[in-house]
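Here is my note on this model, point by point. Please read it with the structure open.

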Amino acid sequence: APAETVSHAIYPIAHKQKKNLLVSLLQNTATGRVLIFTRTKYRARNLARDLEKEGFRAAALQGNMSQNKRQKAINGFRSGRYDILAATDIAARGIDVTEISHVINFDMPDTVDAYTHRIGRTGRAEQEGEAFTFAVHDDQPMVYAIEKALGARLERRRFSSFDYGEFDPESLFTSRSSTPSQGQPRSNGGNGRSGQSRSYRQSNGGSNGNRNSGGSNGGNRRRPQQQRQASARNQGGQR
């Protein structure tokens, strides 16, 4: 289980805005050493390069690097030569640095165990740490799986100084019922709006459900009339 000294937060974001949000967070947040996790080696390398261009002391740690370069990056991170290390899961397994103040999941981990391993890099030696996770719409099932494992809801945050444009962070991860993968019942209306939140489904589904119910009753009302017509034809035939 994650250390109790670690606080968790989700930053709902559009995929194309991730990098800009990361830069804004790093520029406006008091941090020590920061470990950033990416899903691919390509992204770890490019992210470290882009952060260097923004004036940060950053290095990459990914599987395509030689062992010598990996160790140089880790040693530089441990000694304070680099403040930020962008790494993949495989490359980061050997990291043992106690002064990491923040772990940022630039990409959502693939499993709950991977999440636990990642954030276990901070909050060590009874020091407090923070774990930030950038989450896009498709990450909803993993967000809920992590919450189930932790036994607590992850705090949703909106970074006040960041320009989200038309994207609305509050529209994501508001309730478990907003994703069909959680096995939530669909609306009675059957209008195919399973992607909406439960409140929308109830509101829209209620009136549709009444119409469907009325249609069904109308069908039942027609059956006796059809039966009487069939019965009259049968009697006429008998006569």
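1. E99 forms a salt bridge with R33, and their closest N and O atoms are 4.0 Å apart. The term means a side-chain nitrogen of Lys or Arg within 4 Å of a carboxyl oxygen of Asp or Glu. E99 sits in the loop between β4 and β5 and R33 in strand β2, so the pair ties together parts that are 66 residues apart in sequence. A search of the whole structure finds 12 salt bridges.

2. A word on the basis. This is a predicted model, in which local features need pLDDT of at least 70 and side-chain atom pairs count only at pLDDT 80 or more, while totals for chains, interfaces and linings use all residues. Residues are numbered from 1 along each chain as its sequence is written, and side-chain values use heavy atoms, with hydrogens and water left out.

3. Now the sheet. It is open, has 7 strands and runs in the order β3-β4-β2-β5-β6-β1-β7, with parallel pairing. Strands (E, at least two residues) and helices (H or I, at least four) are DSSP runs, numbered from the N terminus. Two strands pair if DSSP finds at least two bridges between them. The edge strands, β3 and β7 (155-156), each pair on one side only.

4. Strands β1 (residues 6-12) and β6 (residues 129-135) pair in the parallel sense over 7 bridges. P12 has A135 in β6 as its bridge partner. Helix α1 (residues 18-28) packs on the sheet, touching β1, β2 (33-37), β4 (84-87), β5 (100-105) and β6. Contact means heavy atoms within 4.5 Å. The direction of α1 makes about 160° with that of β6. Axes are lines fitted to C-alpha atoms, for helices over the stretch in contact, and angles run from 0 to 180 degrees between N-to-C directions.

5. Helix α4 (residues 112-119) lies across β1, β2, β5 and β6. It runs at about 155° to β5.

6. Which residues does D89 contact, leaving aside its neighbours within four places in sequence? They are F37, T38 and R118. D89 itself is found in the loop between β4 and β5. The C-alpha atoms of D89 and G63 are separated by 9.3 Å, with the two residues 26 apart along the chain.
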